[in-house]
Each structure stands twice: as C-alpha cells, then as structure tokens.
Amino acid sequence: MVSRRNSVFANLDWMVIFLYFVLISWGVINIFSAEFNETTQNFFDFSLRSGKQMIWIAAALVLAMLILIIDSRFYIYFANPLYILMVLALLAVLVVGVEINGSKSWFVIGPVRIQPSEFAKVVTSLALAKYLSNPNIKLSRVKDLVIPLAIIFLPAMIILLQPDTGSTLVYFSLILVLYREGLPGVYVAIGLALAVLFIVTLLFDKLIIVSSLILLAFTIYFFLERRKKNFFIGLGLFLVTGGLVLGINQVLPEKFSIYYVLLITLLISGTIFLVLSLFHKLKYIILLLIILVGAVGFTYSVDYVFHNILEDHQQKRINVVLGIESDPLGSGYNVNQSKIAIGSGGFSGKGYLRGTQTKFNFVPEQSTDFIFCTVGEEWGFLGTSGLILVFATLLLRLIILAERQKTAFNRIYGYAVFSIILFHFTINIGMTIGLVPVIGIPLPFISYGGSSLWAFTILLFIFLRLDASRNEFL
Amino acid sequence: MNNLYENRKFAISLTLILIALIFIIKLFYLQILNTSYRLSAENNVIRYVPQFPARGLIFDRNGKLVVHNEAAYDLMVIPSQLEVFDTTGLCEILMTEKEEFIENLKAARAYSPYIPSSIIKQINPKTYAKLQEKLYRFPGFYVHTRTLRKYSQDIAAHLLGYVGEVTEKEIAKDDYYKMGDYIGKSGIEKSYETDLRGQKGVKMYLVDVHNRIKGSYQNGRHDKDPVVGSNLTATFDADLQAYGEKLMQNKIGSIVAIEPSTGEILSLVSAPGYKPSLLVGRVRSKNYLALARDTLKPLFNRALMASYPPGSTFKTLNGLIGLQEKTLYPSMTYSCTMGYHARGLTVGCHDHRSPLNLPSAVQISCNAYFCNVFRNILDSGKYTDIHESFDAWRNYLLSFGFGQKISLDLPNELKGFIPKTSYYDRYYGKKGWSSLTIISLAIGQGELGITPIQLANMTAAIANRGHYFSPHIIKAVAGRDDNKERFMKRHNTMIDSIHFAPVIQGMELAVNGAPGSGSTARIAKIDSIIVCGKTGTAQNPHGKDHSIFIAFAPKDNPEIAIAVFVENGGFGSTFAAPIASLMIEKYLKGNIKKNRKWIEDRMLNTDLIHGEQKK
Ligand SMILES: [Zn+2]
C-alpha cells in the first residue's frame with residue numbers, strides 16, 4: 001500500500017504541478033491588489049477576497065491530495081454514477097438553488113456557496129471519456145455521435161435554464177475532444193462557421209452580413225474558377241440583375257429597403273446562374289451557391305427567431321452574453337475600461353499595488369472575470385505575455401501528457417481537461433482585450449472564487465492521478 | 001489502441017499556439033504600440049464622474065403635467081483630499097448642525113478615503129448660490145447636481161409612489177445602481193423605474209497626484225452622455241383624482257374608477273392618504289417615519305391591498321352565474337318572507353314586495369332571492385357533488401379576475417381570497433358541508449376577500465357585457481402609443497354576453513327606479529345619465545359595517561366603471577353610493593349640478609374618523 005502511494009508521487013508530472021502553483025499564487029496576489037487601498041493593508045484579512053481565496057486554496061490543496069490518494073480506477077468505475085448524480089444536482093439547483101447575479105445556480109449551505117455547474121464539467125469529462133473509450137465507437141459514423149453529444153449537451157442544456165450562458169458555452173469546447181477522437185473535420189468547420197455567423201448576425205446589421213457573404217462567395221469563386229470568363233459572367237449577371245431590381249424599386253410607390261433589393265437580386269441572379277452552371281456541369285459552383293443561400297438563410301432565420309419569437313427577456317439575455325447590453329453605462333463600457341486599464345500598464349506595468357484603473361470598481365468584476373486587467377495594469381506587457389506563456393506551456397504540456405497515455409480513457413479525459421482550460425483561457429482573456437464578446441467566465445486558477453478554483457483543481461488533479469498510474473493497467 | 005487520429009494533435013497544438021500568439025500581438029499593440037491609453041504622467045489618475053439624467057416626467061390622461069423635476073444639490077467630499085478648513089464657517093453657510101456635519105464626515109472617511117461620498121444632501125438653490133461663492137476655500141468638497149421630484153398638484157401619492165436612495169439589496173440585484181443613487185420605491189415610480197430613470201452617463205477627468213482635475217481625459221472620447229428618462233402618460237384624470245381624494249377626506253376606504261373599454265384606471269384613491277411632496281427631499285425620512293407610525297396607516301394602499309367581503313354587490317355575479325348555468329331565468333320568481341328559511345337556518349331580509357323576478361331582486365337587493373339562486377347553482381344535479389359544483393362556481397369568479405393580481409403595472413397588489421373546497425373540507429370534513437353551509441356566499445358575505453380594484457374590474461366586466469381589459473395606470477411610454485398589445489390585454493369571462501341584460505336592468509332600476517318601488521340607490525341618480533349600480537354592505541366584526549357601491553355609466557357604451565368602499569360607513573347607500581355618483585358626474589359632466597350640491601357638501605363635511613359631523 002505504502003509503496004504504491006509512493007509510486008504515485010514518484011510518477012507525478014511535477015511540471016504541471018509547478019505551473020499550477022505559479023498560477024494560483026499569481027492569482028491570489030492579483031486578487032489582493034484588485035481590492036487594495038489604504039484601508040485594506042493586510043494580505044491575510046479574511047474579510048477580504050484575497051484572504052478568502054487563501055482559504056479556498058488551502059481547501060483546494062487538501063482536495064488535490066485526496067484525489068491523488070484515491071485509486072485511479074475509481075474515476076473510471078464511477079464515471080457514470082457520478083454523471084447521473086451531477087444531472088440530479090443540476091436539476092435540484094433549479095428548484096432549491098439561490099439566485100445570484102440573475103442566475104439560479106448556487107447551493108447555499110450556511111456561509112458556503114457552491115456552484116454545481118462548475119463541478120459538472122469534471123464529471124461530464126469523465127463520462128465522455130468512459131463512453132468514447134469503447135473501441136467500437138467510430139465518430140465518423142453519424143449514429144455513433146448521438147450519445148457523446150448527448151453526454152456533453154445534457155448538462156449544458158440544464159445549465160442554460162439557470163440561466164448561466166457562460167458555463168453552457170464551455171461545453172462546446174468538448175467538441176475539440178471529439179475532433180481528436182475522429183470526428184470529421186468538416187463538421188467542426190461547419191459548426192465553427194455557424195457559431196461565428198450566429199454571433200455576427202446579432203452584432204451587425206443584416207445588410208452588412210449579407211453583402212459580405214456575397215462578396216466572400218465571389219472571392220472564393222474568383223480563386224476557384226480557372227476560366228475567368230465564367231467568373232465575370234457571374235459577376236456581370238449579379239450586377240445587371242441588381243441594377244434592374246434597384247431600378248424597379250425606385251419607381252415603385254412603396255420602396256423596399258436595400259436589404260430586400262440585395263436578397264431579391266441574389267435570388268434571381270443565383271437561379272439564372274444555377275441553370276447556366278447545370279448546363280456546363282460546374283459542380284462546385286452549385287455547391288458554392290447552396291452554401292451562400294444557406295448562409296444567408298441562416299442569418300435571416302437567426303434574426304427572425306431573435307426578434308420575433310424570443311421574448312424580450314430572452315433577447316436581453318442573449319444580448320448580455322454577446323456584450324451588446326452587458327453593462328448599464330452602455331455597450332462597450334466594460335471592455336473600454338478594461339482596455340484602458342491594460343493599455344495604461346505599458347511595457348513593464350505600474351508596479352504591484354500601484355494600479356489605479358483597476359481600483360474602485362472602474363473595471364467591473366475586477367477580481368473575478370476581469371482579473372486579467374489587474375495583471376495588465378500592474379505588470380505590464382511583461383506580465384501579460386508571461387501569463388499567456390505560462391498558460392500556453394501548461395496547455396501544451398497537457399497535450400503531451402494526454403498523448404503519452406496508454407489507455408483511451410486517460411487520453412480522452414486529458415483532452416477534455418485541455419479543451420476546458422483552453423476555452424476559459426481564450427474567452428476570458430479574449431474578452432478583456434476586446435477580441436471576443438463579453439461572456440462571464442473565470443480565468444482558471446487566477447480568478448477569485450472557491451467553486452471555480454476547486455473545480456479546476458479537481459479537473460486537473462484527476463488527470464495527474466490518471467497519468468501517474470498510466471503504466472499500471474495494461 | 002485507437003490512435004488513428006494521432007496526427008490531429010498537431011492541428012490542436014497549432015490552434016493553441018495561434019491563440020496565444022494573437023493574444024500576445026494584441027497585447028503588444030495595446031500596451032506598447034498604442035500610446036493613447038497611456039497616461040501622461042506616471043501617477044495620473046482618471047476620475048470618473050457619473051452624470052445623472054433627469055427623471056422622466058409624468059402626465060395625466062389629458063396631457064396635464066403631474067410630476068416634474070427640480071434641481072437639488074449634494075455636497076460631496078473626498079476625504080483624502082481634505083485640508084484643514086473652517087468647519088464652523090462651512091456649517092453656517094449650509095445651515096446645518098456642526099455635530100451632524102462632523103458625524104457625516106467621519107462616516108464618509110470610514111466608507112472610503114478615495115471614493116466621493118455625499119455629506120449634505122439636497123441643498124436648496126438659495127443655499128447653493130451662497131455655497132458656490134465660498135467653495136474654493138474648501139478643497140476636497142464639491143457640489144453634485146441632481147434632481148428631485150416636484151408635484152404640480154399634490155395628489156395621487158399612492159399611484160405615483162416615491163423615489164428614494166437605493167438600498168444595498170437593490171444594488172446587489174441590479175448593478176446599474178451605485179451607492180447614493182435614486183430609485184423608484186413604490187407605485188409608478190417603481191414599476192416604470194427603468195423607463196423613468198434614463199441612462200446614467202460618465203465623464204472622465206485626468207486628475208493629478210493632488211487630485212486636482214487637469215482636464216477631460218482624451219477630450220472626452222470615452223465619455224458617455226446621460227440619456228434623459230422617458231416621459232410617461234398615465235391613465236388617470238388629475239382633476240377626477242383630486243376630486244376623489246377630496247370626497248374621501250376624513251374617511252377610511254378607497255375609490256377605483258376604470259374605463260371599461262380599455263382597462264385604463266381613471267382614478268384610484270386610498271384614504272386616508274398623504275401628499276406626495278411629503279416624501280421628497282431632506283424631509284422624507286422624518287415624514288416617512290411619521291406616516292409609517294400613523295395608526296390609520298396612510299401609507300397602506302387600500303385600493304390594492306385591503307380585502308373585504310363584497311357584500312350584496314356580489315348578487316350581480318351570482319345572478320349571472322345562475323343564468324349561464326341555466327338554473328335561473330330572468331322571469332323566474334321567488335318569494336321572500338322577511339328572509340330565506342331552510343332547515344332551521346334563516347338569512348334575514350328587509351320588508352319589501354314579493355315575489356320578485358331577477359331584475360327586481362337586483363333592484364331591491366333581496367337576500368332570499370339570491371339564496372335560492374345560489375343553492376340552485378350548487379345543487380343543480382349537473383354535478384356529482386358539492387365539490388364539483390363549488391369548483392364550477394369558483395371558476396366563474398376566477399374568470400372575473402378575483403383571487404389573483406389583475407393590474408398590469410401596479411406593484412404590491414394583493415390577490416385577495418376565494419376559498420377552495422379544501423378550505424371547507426378542513427373546517428367541516430369532506431362530507432360535512434353543503435350549499436346551505438356556505439349560503440352566506442350567496443349575498444357576498446363569508447369567506448370572501450375582494451380588493452377594491454378587483455371589484456371595480458368586475459363592474460367593468462359587467463359594463464362590457466362579459467369581458468375586461470387588465471387594469472393599468474400607464475398608457476404611453478415616451479409618447480409612443482405602440483404598446484397597445486401590452487396595455488390592451490382582453491380577458492373574456494365565462495358568462496355569455498346575452499345574460500347581462502336582466503342583471504344590468506336590475507342595476508339600472510336600483511338607481512333609477514320610481515320612488516317607492518324599493519330601489520336601493522336612488523341617491524346615485526343623475527339627470528341625463530343612466531347610472532347602473534348596486535349597493536353592498538360588508539359585515540365588519542370589529543365595528544360598524546363597511547359601505548360599498550359599484551356602478552357604471554352610461555348604461556350603453558359605458559365610459560366609467562367604479563367601486564367605492566367606505567369603512568364603517570354603514571349601508572352602501574349612505575356613503576359609497578353618493579360618492580360614486582359624484583365621481584361619475586364629475587367625470588362625465590365636468591362639474592356637479594346645482595340640485596346635487598347638497599350631496600357633495602354632505603360628503604365633504606362628513607368626518608367618519610373623528611366621529612363628529614362638522615357643520
Ligand atoms: Zn327579500
């Protein structure tokens with residue numbers, strides 16, 4: 001018994017553990033700074049968030065130890081029962097949970113607040129790994145995709161009801177795991193394109209989107225078509241039809257908006273060109289046209305569903321997620337403040353505790369979702385790029401660990417850990433520097449919050465435990 | 001081992017590296033290449049000064065301005081910037097107690113040395129003028145302008161509600177609010193808060209180490225202008241509201257008047273009330289405490305929150321249910337021998353001609369008639385037992401809006417109470433009760449809890465011959481009339497429109513019947529308008545009965561439906577009926593005709609609270 005436990009510690013990947021400690025300590029140091037002013041001098045003041053985070057860290061380390069002691073087979077055998085338990089807990093929180101910041105996603109037991117959706121990620125990853133490790137599953141077959149997708153999206157759907165859109169979106173990152181295990185790349189590409197189109201539809205005017213889609217289609221056509229004559233026929237057809245439709249529209253008593261003019265033009269010239277290309281057997285043009293019409297149809301239906309079918313509060317919720325109505329001072333305020341804070345840090349930052357913009361609530365949620373601002377302001381470009389390098393190293397190390405596993409279960413779970421951390425890292429930092437919409441999810445190991453820290457610790461250390469005994473059962 | 005797709009690890013790694021690279025490039029741009037975010041000197045700070053928009057105005061249904069704004073000034077302090085100053089001198093200018101001032105300063109310092117706190121709130125314009133000249137002598141202080149509510153007519157306090165500072169709980173719920181902001185606390189101010197408040201703006205200033213403003217940050221490029229709050233058009237008629245409040249002075253009770261064709265609330269009075277101006281400005285907390293301690297509960301909105309048994313006004317509804325259930329026909333007669341007698345139980349009635357048909361029974365308000373109607377509904381044989389038939393009867397009540405909140409936009413409304421079968425099962429056992437046990441429901445007594453707005457709504461449903469629109473107090477936000485769908489929510493009752501004629505005929509006779517014919521509400525008769533009404537008396541175990549009256553007018557194409565409750569007013573015809581008829585006359589005719597002035601005088605001079613009749 002003793003010797004086996006020793007072997008666990010001997011086989012642990014100490015590099016990941018080192019990076020873990022770098023991140024959590026950097027986190028708590030920044031949380032202290034985010035709250036710091038002349039009246040809050042004591043780092044260990046437990047009424048402060050930094051003091052509380054120290055307690056969460058201590059508890060997280062105890063949890064990590066426990067996880068390392070438990071036999072690694074436990075996680076394989078109990079993956080499914082734990083999954084069922086988690087679904088029940090997520091349902092229960094909808095009923096007996098407490099609403100905080102507009103979503104009913106917390107259990108409150110005395111002074112402790114726990115967010116089960118944070119832990120659901122871990123259990124979902126285990127269940128997914130367990131199911132996919134069956135060698136008979138071929139993800140290139142559509143029917144084999146049903147259950148893995150159900151495993152991923154069942155908790156996501158329940159969490160969406162809370163509603164906690166940020167936590168729901170995290171589950172999409174697990175598609176990356178499916179990709180690694182053989183999901184055809186074209187599905188991933190289509191999925192990504194639709195997601196981008198969905199967000200873009202709500203962010204920009206329909207007219208701009210439809211015009212850029214058409215432009216994009218012509219550009220692709222230009223590069224695909226070897227005989228440039230055909231391309232110019234297509235372009236000419238489109239322009240002439242457009243001119244005609246526009247002309248007719250001018251004389252009509254009631255003018256349609258330019259958006260409809262564009263749609264009608266596309267429909268007419270598209271149909272004519274489709275017939276032409278059928279005669280000339282230009283297959284890929286047909287495909288291109290179908291994709292173009294499909295994309296335009298998709299933006300239109302998203303727009304229609306959003307404005308005509310969804311209720312006001314649902315629209316607002318989506319807008320909040322997309323950062324369109326994320327804050328009371330108007331769109332872009334959060335991101336603007338956050339960019340000012342980060343930008344003002346310069347090359348080497350203002351120095352620890354010397355930040356001015358990340359104090360006094362100028363930047364909202366500065367110790368949770370916007371903690372990266374504090375890093376940017378006080379540690380400058382050195383700090384931000386350093387932190388990104390630490391994360392990138394950790395994530396690359398996770399890929400290496402995952403690939404060296406001898407069982408499919410371990411590898412798949414490893415990739416799930418990688419995907420979830422990658423998603424949080426990308427969205428969180430991306431939103432603070434204005435590259436992605438504001439979606440409120442924490443920066444792993446850094447942001448303030450017990451549930452999130454514990455969940456990421458459990459997620460990571462289960463993988464470390466699996467990795468430590470990778471040579472045991474062959 | 002399924003490692004067919006091992007090569008995909010390269011694509012995945014590449015994605016990761018690409019993301020990290022994009023981030024680093026973006027950060028390189030933000031933090032090094034782009035200097036616009038860099039501040040000019042090392043220790044310069046941006047100060048954020050919120051810009052408060054003016055709150056939206058409120059107009060009455062005729063476009064008369066009811067609520068507007070007046071500037072008020074808060075003295076703000078940033079404790080870390082204070083220098084030694086002449087405290088006595090400053091207090092003299094402000095006309096405040098020195099102790100209070102020092103106490104507030106201490107609190108501000110404890111809250112935060114850097115964040116501005118308001119130390120003296122709502123300084124009036126005169127004092128502000130004096131203060132402004134001297135302010136340069138007091139570094140660390142500055143004045144912050146905001147607006148206070150002002151009332152053109154000091155009426156409709158319960159409808160309008162009031163505005164107060166946000167509590168921590170409210171801040172936690174909506175992060176729009178910051179410490180010291182104002183928020184609607186009740187009435188329209190609360191339910192239309194998001195429309196009225198507008199959008200705060202923010203101005204960013206560069207401040208040096210000594211916290212002196214150096215100018216606006218990047219020429220105001222990141223500033224946000226405040227957006228003025230939307231104006232509201234209310235549905236009430238300010239003149240009618242003022243008149244109703246005057247009629248109800250020195251009485252306890254309420255008036256609710258509704259336009260049947262739209263559900264718009266024409267007037268909603270709860271007495272005793274208070275003047276809305278009492279809860280504005282520095283006097284608010286003191287006045288609020290006094291009002292909260294008043295034993296007559298002037299803050300309590302009786303029109304929405306008090307529930308009473310509806311008394312005989314409910315006979316109209318029982319008649320309608322009987323007709324719909326086909327257990328009653330308009331020509332059906334019952335005799336009355338000073339009341340209803342069955343198995344040793346008696347429900348008393350007054351002396352009147354007998355037998356009566358339905359219209360006359362409504363006109364005369366015969367208890368015996370409606371005891372028969374009620375029992376026939378419940379014991380018709382159409383249902384297997386009392387539970388089923390009671391549920392059927394109860395559903396009719398629910399379809400008239402009873403037992404639920406019916407207003408679209410008034411906060412704090414109560415549901416009232418309509419008993420369920422389980423309620424009686426608990427008292428009498430499952431088999432222990434029958435239609436006779438609950439006979440008092442026939443005449444609107446017993447276990448019924450009805451709010452005045454619900455009764456007014458029932459009257460509107462009768463006036464409309466079978467449907468109602470959810471009562472509401474706002475008809476347009478920001479002058480837009482495009483909210484028709486929200487405000488015009490039609491509800492159909494379970495009574496077909498053909499059944500209303502005989503009941504309405506009875507209500508017409510109750511007011512307009514010939515002298516000596518037994519009409520219960522002849523005092524409500526107005527020349528040239530056909531008023532249809534019904535009196536009611538709610539039994540009050542704690543004292544004199546409550547006087548109730550419902551009415552609508554004119555009979556065809558009704559423009560107003562009204563319910564009046566006067567607590568301890570005795571019979572419905574004594575106070576509630578005359579007050580209702582005066583309201584109707586005022587609304588439809590503009591003023592009270594000479595030959596009815598005596599009624600108006602009597603109502604104005606009655607003091608039911610202090611017990612004496614003023615002469
Ligand atoms: Zn009688």
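**Cysteines, a histidine and a bent helix**

Colleague: Is B:Cys349 buried or exposed?
Modeller: This is a predicted model, where local features need pLDDT of at least 70, side-chain atom pairs count only at pLDDT 80 or more, and totals for chains, interfaces and linings use all residues; side-chain values use heavy atoms, without hydrogens or water. Residues are numbered from 1 along each chain as its sequence is written, with chains lettered from A and ligands numbered from 1 in written order. Relative accessible area under 20% is buried, over 50% exposed, partly exposed in between (1.4 Å probe, protein chains only). B:Cys349 comes in at 12%, so it's buried.

Colleague: How many disulfides are there over all chains?
Modeller: You'd need a pair of cysteine sulfur atoms within 2.5 Å. Over all chains, that rule gives a count of zero.

Colleague: Which residue's backbone oxygen lies 2.8 Å from a polar atom of the B:His158 side chain?
Modeller: B:His158 is buried, at 12% relative accessible area. Its contacts (heavy atoms within 4.5 Å), leaving aside neighbours within four places in sequence, include B:Tyr274, B:Pro298 and B:Phe300. The backbone oxygen in question belongs to B:Pro298.

Colleague: Where does H7(A) bend by about 30 degrees?
Modeller: Helices are DSSP runs (H or I, at least four residues), numbered from the N terminus. At 1.5 Å times one less than its number of residues, the 16-residue H7 of chain A (146-161) should span 22 Å, and its end C-alpha atoms agree at 22 Å apart. A bend is the angle between axes fitted to the seven residues ending at a residue and the seven starting there. A proline, A:Pro155, follows within four residues of the bend, which is at A:Phe153.

Conventions: Helix = DSSP H or I, 4+ residues; strand = E, 2+ residues; numbered from the N terminus. Polar contact = N/O pair within 3.5 Å; in protein donor to acceptor, adjacent residues only side chain to side chain.
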